[in-house]
Amino acid sequence: MNIDWRDRISILGAVIVSVLTVVGFGAVCVALFFFKIPQDMKEIAMLLLGILGAGFTTIVNYWTGSTSSSQKKDATIAETATVAAATAANVATAAAAKVP
């Protein structure tokens, strides 16, 4: 299997975003656990924790299969459609050749 350079960039981008989100989520969790957050910053810290938590959940879902499997399914469907179109064209050409 040969991976196109565009696919490599897409995969690398997914890995970088995933790592940054997981590290950010972990850092906010550690900061909330070990450090006293000033009262005026507490709401912002909780908002950041919620946003990063949602991103973390999305990343886990992506890497454990929901989106990854969907991408593989889409590639399989596209390949099947290409083969079906080529077969239909061959059948139509053969049928046209038989018609007097």
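Is Trp63 buried, partly exposed or exposed? Trp63 comes out as partly exposed, with a relative accessible area of 43%. The cut-offs here are under 20% for buried, over 50% for exposed and partly exposed in between, using a 1.4 Å probe and protein chains only.

Okay, quick background before we go on. This is a predicted model, where local features need pLDDT of at least 70, side-chain atom pairs count only at pLDDT 80 or more, and totals for chains, interfaces and linings use all residues. Residues are numbered from 1 along each chain as its sequence is written, and side-chain values use heavy atoms, with hydrogens and water left out.

Now, the rings. Rings of Phe, Tyr and Trp (its six-membered ring) pair if their centres lie within 6.5 Å; planes under 30 degrees apart are stacked, over 60 edge-to-face, and the rest tilted. That rule gives 3 aromatic pairs. One of them is Phe33 with Phe34: centres 4.9 Å apart and planes at 90°, so edge-to-face. Phe33 is exposed at 65% relative accessibility, and Phe34 is exposed too, at 60%. Tyr62 and Trp63 also pair edge-to-face, because their planes sit at 90°, with centres 4.8 Å apart. Tyr62 is partly exposed at 22%.

Last stop, helix H1. Helices are DSSP runs of H or I, at least four residues, numbered from the N terminus. H1 covers residues 5-34, 30 residues in total, and reaches 43 Å from first C-alpha to last, close to the expected 44 Å. That expected span is 1.5 Å times one less than the number of residues. Ser18, Thr21, Gly24 and Val28 are buried in H1.

Note on methods:
Helices (H or I, at least four residues) and strands (E, at least two) are DSSP runs, numbered from the N terminus.
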